[in-house]
Amino acid sequence: MMESEIDQLSYSHVTSDDKMPNFLKVLCILTFVGAGFGILGAVSNLLLSDITEASLKLSSTILDSSPVNDVLGFDFDQMIVWQKYINIAGLLGAILCLTGALIMWKRKRIGFFIYVPGAIIPAIVTIMGMKYMFTGLLGGFAALAGYGALVFGIAFVVMYGLNLKHMNK
């Protein structure tokens, strides 16, 4: 009898309002995984940026005089510049998303406001970069990747926003 009274006392402060909703848990876990991959990808891309730059310069010498480049519209000089911006924005965005999700896991609203720029800014930088890197036929297709990331980021922002009521100030 004594043991059940202790259990009852030790759990008496826990109410149904204190339980984290499963949907919020799933969102946070997906963000942990996605941000982890984002950080690994961005760091590896930044570490390999010299190799990427050398391959872009080599491609430039091969394709600059090609009629294929006139149709596809590669701008290799802009690719060298923008791939660094995109990787830095991706790294910062992933760090912000991870930080925001960790704070939201503790059910604090401030995490949402840290998460939002991390979800949106890298997609915007990617869209801007694609505009400058591809001037021909590939420009529209390349921008689709950025728009897809933007839609995906907005969807997560909306889903987290719907869960703000379960978070404390």
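**Core.** I started with the largest nonpolar core, which has 19 residues; L24, C28, M104, F112, Y115, V157 and Y160 touch the most other members. I note that this is a predicted model. Then I looked up where the core residues come from: helix 2 (22-47), helix 5 (76-105), helix 6 (110-133) and helix 7 (138-162) each supply at least two. Helix 6 gives the most, with six residues.

**Y115.** Leaving out residues up to four places away in sequence, I get T31, L96, C97, G100, M104, F156, V157 and Y160.

**Another core.** I also found a second, separate core, this one of 13 residues, with I86, A89, F134 and A142 among them.

**Helix 5 against helix 6.** What is the angle at which helix 5 and helix 6 pack? I read about 165°, with the axes 7 Å apart. Angles over 145 degrees count as roughly antiparallel, so I put helix 5 down as roughly antiparallel to helix 6. I have the crossing of these two helices as left-handed. Sorting the residues of the contact between helix 5 and helix 6 by type, I get 20 nonpolar, 10 polar and no charged.

**The loop.** Next I went to the loop between helix 5 and helix 6, where R107 lies. Is R107 buried or exposed? I have R107 as buried, because its relative accessible area is 12% and the cut-off for buried is under 20%.

Conventions: Residues numbered from 1 in each chain as written. Predicted model: local features only at pLDDT ≥ 70, side-chain atom pairs only at ≥ 80, totals over all residues. Heavy atoms only, no water. Core = buried A, V, L, I, M, F, W, Y, C linked by side-chain atoms within 4.5 Å. Buried < 20%, exposed > 50% of the residue type's maximum accessible area, 1.4 Å probe, protein only. Helix = DSSP H or I, 4+ residues; strand = E, 2+ residues; numbered from the N terminus. Contact = heavy atoms within 4.5 Å. Axes fitted to C-alpha atoms, helices over the stretch in contact; angles between N-to-C directions. Parallel < 35°, antiparallel > 145°, perpendicular 65-115°, else oblique. Left-handed = near helix turned anticlockwise from the far one by under 90°. Nonpolar A, V, L, I, M, F, W, Y, C, P; charged D, E, K, R; others polar.
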